[in-house]
Amino acid sequence: MNELFRAYSTFFGKGDALYRIFSPYRICPLGAHVDHQHGVVTGFAFDSGIEFLFSAQETGKVEMASLSFEGLMTFNVQRPADERQQNWGDYLRGALWALQQDYQLRIGIRGIVKGSMPVGGLSSSAALLCGFIMALDKVNNLGLDRQQIIRYASKAEREYVGLNNGILDQACVVLCEADKLLYLDTETGKHELLPFGKGDQPLPFRIGVFFSGVTRKLTGTDYNLRVSECKTAAWIMQAYEDIPLKELQDTRLRDVPEETFLKHEQQMPERFAKRARHFYTECDRVHDGIEAWKEGDIRRFGQYVFESCESSMNNYECGSPELIALYKILRHIEGVFGGRFSGAGFKGACIALVDPTKEESIRRQVEDEYLKEFPQYKDTFEAYFCDLADGVDFL
């Protein structure tokens, strides 16, 4: 934290009242790629994320610097949000744009942000959006509740930044509690925070994060195409059933019962059948995984996580050669209960639930085997081990 104070002093001099926010990264052990189709999901927040140190500016001016990305981002909350500029400041401008749909903001922010891990697969964008919305809420006394923070952050990412995701990332960043599994129905918004087993023992795992060394923004991948393919799959099945169609943007696989999919699976074009197959089987894995979690069976829960990644590769068809290699390595290492691609799975990281007593041997084996196959990433491959954490909040 001293690094943030020094950076604030360097950029802005001595501050007035300084506020601190920690916004965690998140992982989704089960429920991958279904939130945009209103499926059911699970999530953890963990003790690595984005830190904010900021003060209020009565002029309405925003001046934000990052210790992770280049450039001082400047704009004014009293004016309409600027157009996207294809840099990290788009998430800040997007947060402002979303809030401006309902509020007239007056107070700006001067501050520093710092991410504690490389970007890729951990929803750093959601952490940045949710933290910045909380900061604007604080200085402008908007009185937002946690559901509103989720809603505005999601709106910013979908309608301003241009990524057609659901609310999984933002919900994990905002709602999670340490030592609990978040279960969320993304259609109804209903959520539960579930203790492991009877809740009377320490968690038998930590989170391992293994960065491939490759990063890319999701807006430069097939992420949005996959979303459209899922919606088209729902359209196809509704057409087979002579169900009146809604506009494609309003259509979700959740609208179609699994029995309808099983009835028409063989006659659907394979591309769309695969996307639907992933959705229905992944939602089933969420329910099965929750039962294993409640029973305190981490090995069975982890096996569902492995199976989730198999479906992500084979049915959802995401994953780079690097991530697939990392996943295959994790599958045969002693002490890894379960693992999968994190985030969209096109670039970035794999995550795993690991035995805390075997962390160092896991680190060495993953690094050795991965770099033997991809030596070009010896300077950018990284591994971390983390604990679960609460959602975004002031420090």
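Which residues does Q170 touch, not counting residues up to four places away in sequence? In this predicted model, the list is A126, C130, I150, A153, S154, E157 and N165. Q170 itself lies in helix α5. Its relative accessible area is 0%, so Q170 counts as buried, the cut-off being under 20%.

I150, A153, S154 and E157 belong to the α4 side of the contact with α5, together with R146, Q147 and I149. On the α5 side, the contact residues are Q170, A171, V174 and L175. By type, the contact of α4 with α5 has six nonpolar residues, three polar and two charged.

Now the geometry. Two packed helices are described by the angle between their axes and the distance between the axes. For α4, residues 146-161, and α5, residues 168-175, the angle is about 145° and the axes are 9 Å apart. The crossing is right-handed.

Next, α4 on its own. At the start of the helix, a side-chain oxygen of D145 comes to within 3.1 Å of the backbone nitrogen of Q147. After the helix comes G162, with a positive phi near 105°.

Last, what is buried in α4? The residues are Q148, I149, I150, Y152, A153, S154, A156, E157, Y160 and V161. These buried residues pack against α5, and also against α2 (89-100) and α3 (124-140).

Technical notes:
Residues are numbered from 1 along each chain as its sequence is written. This is a predicted model: local features need pLDDT of at least 70, side-chain atom pairs count only at pLDDT 80 or more; totals for chains, interfaces and linings use all residues. Side-chain values use heavy atoms; hydrogens and water are left out. Axes are lines fitted to C-alpha atoms, for helices over the stretch in contact, and angles run from 0 to 180 degrees between N-to-C directions. Helices (H or I, at least four residues) and strands (E, at least two) are DSSP runs, numbered from the N terminus. A crossing is left-handed if the near helix is turned anticlockwise from the far one by less than a right angle, and right-handed if clockwise. Contact means heavy atoms within 4.5 Å. Ala, Val, Leu, Ile, Met, Phe, Trp, Tyr, Cys and Pro count as nonpolar, Asp, Glu, Lys and Arg as charged, and the others, Gly among them, as polar. Buried means under 20% relative accessible area, exposed over 50%, partly exposed in between (1.4 Å probe, protein chains only). A polar contact is a pair of N or O atoms within 3.5 Å; within protein, one must be able to donate a hydrogen and the other to accept it, and residues adjacent in sequence count only if both atoms are side-chain atoms.
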